[in-house]
Amino acid sequence: MLTSDFNFDLPEELIAQHPSGVRGQDKLMLLNRLTGEIEHHMMDDLPSLIEPGTLMIFNNSRVRRARVYGIKETTGRETEFMFLNTIDKECCVWNTMVKSAKKQKPGMHYKFPDGTVAEIIEHEGNAGTEFRALKFDFAIDEDWFERNGHIPLPPYIRREDTEEDSERYQNVYATDTGSAACPTAGLHFTNDMLARLDAKGIERHFVTLHVGLGTFLPVRESNIEDHKMHEEWYTIPKETADAINRAKKEGRPILAVGTTSVRTLESAAQKIEQEGGIVGADGEWIRAGTNSTKIFMYPGFEFKVVDKMFTNFHTPESTLIMLVSAFAGRENILNAYKTAVDNKYRFFSYGDCMYIK
């Protein structure tokens with residue numbers, strides 16, 4: 001299967017550069033993944049579209065101010081770093097994605113806005129890539145990112161971040177800081193919407209997957225099977241695992257909000273299989289705990305946990321459009337995306353949304 005099989009034409013003006021005027025005031029496409037039938041709604045209609053008994057799973061990861069600009073001490077030039085995850089907390093080493101990476105070499109020092117200095121060091125696997133290991137003299141914390149960092153808007157939003165993004169590029173239920181990009185399907189939910197879902201008896205639980213850049217890096221291989229995903233970490237609380245296993249046993253649908261929630265749940269099911277178990281045996285589809293995943297979902301993938309999906313519209317030839325195509329069928333998704341273009345839906349992080357049932 002070719003990467004080009006997941007391309008589509010998208011006018012530049014449909015790429016949302018700003019959030020909607022009011023959170024939650026977005027178009028909602030309803031896609032039936034079995035028939036390909038499409039309906040047009042608004043986000044406000046969502047509670048009426050979800051069947052009673054559904055269990056919704058949200059990713060509560062909060063976005064770190066992970067884009068930080070350092071001054072190279074030898075040249076005085078500004079360099080952009082995207083902080084992804086710690087490599088060694090005791091040694092204060094971070095894995096970062098760097099602009100003009102070929103020019104940023106081990107031994108180089110960078111000064112950040114508060115005067116902090118860090119050095120690029122050798123790290124296995126980073127040579128020749130866009131990633132660099134950055135070593136500090138002390139452990140940096142979230143206060144450091146608040147002082148020095150910027151909201152890590154994706155590259156297709158062609159502007160600098162503003163104070164508005166500090167609030168609008170976070171989900172209202174986000175609690176656990178650690179993502180380098182927002183799980184953006186959740187941006188459509190307001191506290192009022194969550195209260196309406198509660199009033200309808202829609203059960204809601206959380207997982208945590210801290211979004212790294214692996215989900216969003218371009219697929220550079222012609223054959224998608226040759227693409228390798230970067231590692232991300234997820235946590236499933238016992239309360240959430242118990243709720244999912246109970247719902248599956250009772251035949252109630254699992255609605256994953258966002259591709260990160262989908263990746264978490266299906267990774268956890270894969271983990272059971274990797275440990276020699278059978279998903280669903282003894283009433284166990286999910287186990288609680290913290291694990292890493294490099295899961296890559298494309299057509300042919302067999303979903304074991306997720307029955308329905310709420311998501312945004314994704315970039316051409318990305319792992320995310322491949323994931324939703326695995327869930328709903330490539331032809332259905334490409335037809336839905338063409339329909340969205342024809343009806344002037346807004347695309348990507350700050351764009352409109354889709355409910356796949």
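## Basis

The model is predicted: local features need pLDDT of at least 70, side-chain atom pairs count only at pLDDT 80 or more, and totals for chains, interfaces and linings use all residues. Residues are numbered from 1 along each chain as its sequence is written, and side-chain values use heavy atoms, with hydrogens and water left out.

## Helices α6 and α7

Helix α6 spans residues 259–274 and helix α7 spans residues 319–328. Helices (H or I, at least four residues) and strands (E, at least two) are DSSP runs, numbered from the N terminus. The two axes come within 11 Å and cross at roughly 65 degrees. Axes are lines fitted to C-alpha atoms, for helices over the stretch in contact, and angles run from 0 to 180 degrees between N-to-C directions.

T259, V262 and R263 of α6 meet L320, L323 and V324 of α7. Contact means heavy atoms within 4.5 Å. By class, these residues are 4 nonpolar, 1 polar and 1 charged. Ala, Val, Leu, Ile, Met, Phe, Trp, Tyr, Cys and Pro count as nonpolar, Asp, Glu, Lys and Arg as charged, and the others, Gly among them, as polar.

## H314

H314 sits in the loop between β17 (308–312) and α7. H314 is buried, with a relative accessible area of 8%. Buried means under 20% relative accessible area, exposed over 50%, partly exposed in between (1.4 Å probe, protein chains only). Not counting residues up to four places away in sequence, H314 touches F8, T259, L320, I321, V324, Y337 and F348.

## K344 and F348

Most residues other than glycine have a negative phi. K344 has a positive phi, near 60 degrees. F348 also has a positive phi, about 75 degrees. K344 lies in the loop between α8 (330–342) and β18 (353–356), and F348 lies in the loop between α8 and β18. K344 is exposed at 53% relative accessibility. F348 is buried at 5%.

## E203

E203 lies in strand β13 (residues 203–209). Its C-alpha atom is 9.7 Å from that of A247, 44 residues apart along the chain.

## Cavities

There are 3 cavities of 30 Å³ or more. On a 1 Å grid over the protein atoms alone, a cavity is a set of points where a 1.4 Å probe fits but cannot get out; lining residues have an atom within 4 Å of a point. The largest cavity has a volume of about 80 Å³. A volume is the space filled by probe spheres set on the points, and grid points are joined across faces, edges and corners. Its lining includes R23, D26, R168 and H188.

Technical notes: On a 1 Å grid over the protein atoms alone, a cavity is a set of points where a 1.4 Å probe fits but cannot get out, and a pocket is an open set with protein on both sides within 12 Å along at least five of seven lines; lining residues have an atom within 4 Å of a point.
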